[in-house]
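Subject: Structure for you to look at

Dear colleague,

Here is the structure I said I would pass on. My notes follow below it.

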Amino acid sequence: MAGERILIVEDERAVARGLEYALTREGFQVLWADTGQKALALTRSEDPHLILLDIRLPDISGFDVCRQLRAEGKRQPILMLTARDEELDKVLGLELGADDYVVKPFSLRELVSRIRALLRRAYGELSLASTGSILSFGDLTLDLERLQVTRRGQVVDLTPIEFRLLRYLASNPGRPFTREHLIETLWGYESDIGSDRTVDVHMRHLRQKIEDDPANPRWLVTVRGIGYKFEP
Ligand code: CA
């Protein structure tokens with residue numbers, strides 16, 4: 001999944017602009033609402049993948065926006081932006097249906113890691129409900145619902161992380177990803193695994209399992225100076 005739509009709900013223009021810049025650079029599509037009512041309207045019309053929700057807004061509060069969206073059955077992850085301890089107490093104390101929060105001032109790097117982790121979690125959940133959950137490339141088939149890979153009709157025995165790595169690359173065919181991006185996306189910000197070598201090791205195992213000639217891969221191609229891509 002790439003180019004996910006993120007709705008920024010923030011009335012301070014400078015803050016919103018900073019977030020927009022950082023998230024666009026990370027490859028996300030960005031929508032912006034500067035009031036709670038606009039946030040509700042944009043969520044209904046554009047169906048963003050994730051909502052970054054400030055609490056202090058000029059009309060209704062971020063708490064109200066969150067409650068309202070959940071009451072309407074909207075399931076996308078909501079990451080609350082809180083400015084003060086008293087707000088944080090409320091975020092933690094209320095059953096709002098928010099998925100996570102960050103306290104201002106926060107680092108953009110941390111924010112992006114949280115966003116990726118939430119998207120990964122939600123994507124896993126939402127993909128179960130979606131149709132068209134089979135990816136087919138030649139003799140290789142990924143069943144995203146059963147979390148199963150077959151090659152020439154035979155089930156390939158993959159570890160969970162190998163499956164997630166293959167699913168991510170094959171869901172974005174032809175698009176190269178850096179090792180750092182893959183670590184952030186697949187392991188998340190809570191991980192301290194963070195070494196490029198980790199990706200290389202899993203990639204080697206994955207090639208041994210799905211490639212005819214792992215030394216000259218057909219599907220999982222090294223992109224020199226960048227990382228890896230899935231060649232459709
Ligand atoms: Ca605000």
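I start with the helix pair H6 and H7. On the H6 side the contact is made by Ile161, Arg164, Leu165, Tyr168 and Leu169, and these meet His181, Leu182, Thr185, Leu186 and Trp187 of H7. Sorted by class, the residues of this contact are seven nonpolar, two polar and one charged. Please keep in mind that this is a predicted model.

Two packed helices are described by the angle between their axes and the distance between the axes. Here H6 covers residues 160-171 and H7 residues 179-187; their axes come within 11 Å and cross at roughly 120°. The crossing is right-handed.

Next, the sheet. Five strands form an open sheet in the order E2-E1-E3-E4-E5, and the pairing is parallel. The edge positions belong to E2 (29-33) and E5 (100-103); each has a single partner strand, so one side of each has no neighbour in the sheet. From one strand to the next the twist averages 20°.

Within this sheet, E3 (residues 50-54) is paired with E4 (residues 78-82) in the parallel sense, over four bridges. Ile51 has Ile78 in E4 as its bridge partner. Helix H3, residues 62-71, packs on the sheet and touches both E3 and E4, and its direction makes about 170° with that of E4.

There is also a hairpin, formed by E6 and E7, with two residues between the strands. E6 (residues 134-137) and E7 (residues 140-143) pair in the antiparallel sense over four bridges. Ser136 has Thr141 in E7 as its bridge partner. In this hairpin Gly138 takes a positive phi near 55°.

Best regards

Methods:
Residues are numbered from 1 along each chain as its sequence is written. This is a predicted model: local features need pLDDT of at least 70, side-chain atom pairs count only at pLDDT 80 or more; totals for chains, interfaces and linings use all residues. Side-chain values use heavy atoms; hydrogens and water are left out. Axes are lines fitted to C-alpha atoms, for helices over the stretch in contact, and angles run from 0 to 180 degrees between N-to-C directions. A crossing is left-handed if the near helix is turned anticlockwise from the far one by less than a right angle, and right-handed if clockwise. Contact means heavy atoms within 4.5 Å. Ala, Val, Leu, Ile, Met, Phe, Trp, Tyr, Cys and Pro count as nonpolar, Asp, Glu, Lys and Arg as charged, and the others, Gly among them, as polar. Two strands pair if DSSP finds at least two bridges between them.
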